[in-house]
Amino acid sequence: MSFRIVGLDPTPFAPLFALGDDQLAELGIMAITADDDNYPCRISLAGAAKGERLLLLNHEHQPAPTPYRSAHAIYVAEGSAKRGIFHDDIPPVILSRIVSIRAFNVEGIMVDADLADGDQATPVIERLLANPDAAYLHIHFAKRGCFAALVERA
C-alpha cells in the first residue's frame, strides 16, 4: 500500500523565531543550538545541522476531542520553510530510531499500534494502513515518546 510521511506545516512556527528568549520562555518554549545531528526537525523531517538554532516546544499533534488527545515536546529548526514529504520512503531521522506507529480512525480513536525499528517501519505502516478503520497514522520516537510525523495513504 502506498503511503506518504508528512512533516508539520511551518506556517504557525515561523513567527516564533522572531521572539527573544524571554518572550519564548513566557510561552514555554526554549531556543537551543544543535550540538550534534540528533535534533529531528518535525517540519523538514531532517536532522538539524550542528550549530543550527531550533525551538523546543509543546505541540498538540492529536487535537481530536477524545481520550487520545495528545501534545508533546518537538523540535522545529529555524529556516525550515518547507514541509518534508516522503512518498513510500522513511525519512532519515526515523530510519535510525525505534518508533511507535499508531493508527487512528476518523474520530481520533486509536485502533491499532505497533513498534518497529525505523529501518523496518515500512511493512508495519503498510499493515496498519490496510486496516479499513485506520484513517491516518502517527509515528512517535519510542524512547522519548515525541511525535515524529503523520502518515497518510498516498
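Contact here means heavy atoms within 4.5 Å. Keep in mind that this is a predicted model: local features need pLDDT of at least 70, side-chain atom pairs count only at pLDDT 80 or more, and totals for chains, interfaces and linings use all residues. Residues are numbered from 1 along each chain as its sequence is written, and side-chain values use heavy atoms, with hydrogens and water left out.

**Select the whole chain.** Among contacts between residues at least 6 apart in sequence, 61% join residues at least 24 apart.

**Switch to C-alpha atoms.** Along the principal axes they fill a box of roughly 45 × 30 × 25 Å.

**Colour by burial.** Buried means under 20% relative accessible area, exposed over 50%, partly exposed in between (1.4 Å probe, protein chains only). Of the 154 residues, 42% count as buried.

**Zoom to Thr-66.** Look in the loop between β3 (53-62) and β4 (70-77). Thr-66 counts as buried because its relative accessibility is 15%.

**Show its neighbours.** Leaving out residues up to four places away in sequence, Thr-66 touches Glu-107, Gly-108 and Ile-109.

**Draw two distances.** From the side chain of Thr-66, go to the backbone oxygen of Gly-108: 3.2 Å. Then take a polar atom of the Thr-66 side chain and the backbone nitrogen of Tyr-68: 3.0 Å.

Definitions and conventions:
Helices (H or I, at least four residues) and strands (E, at least two) are DSSP runs, numbered from the N terminus. A polar contact is a pair of N or O atoms within 3.5 Å; within protein, one must be able to donate a hydrogen and the other to accept it, and residues adjacent in sequence count only if both atoms are side-chain atoms.
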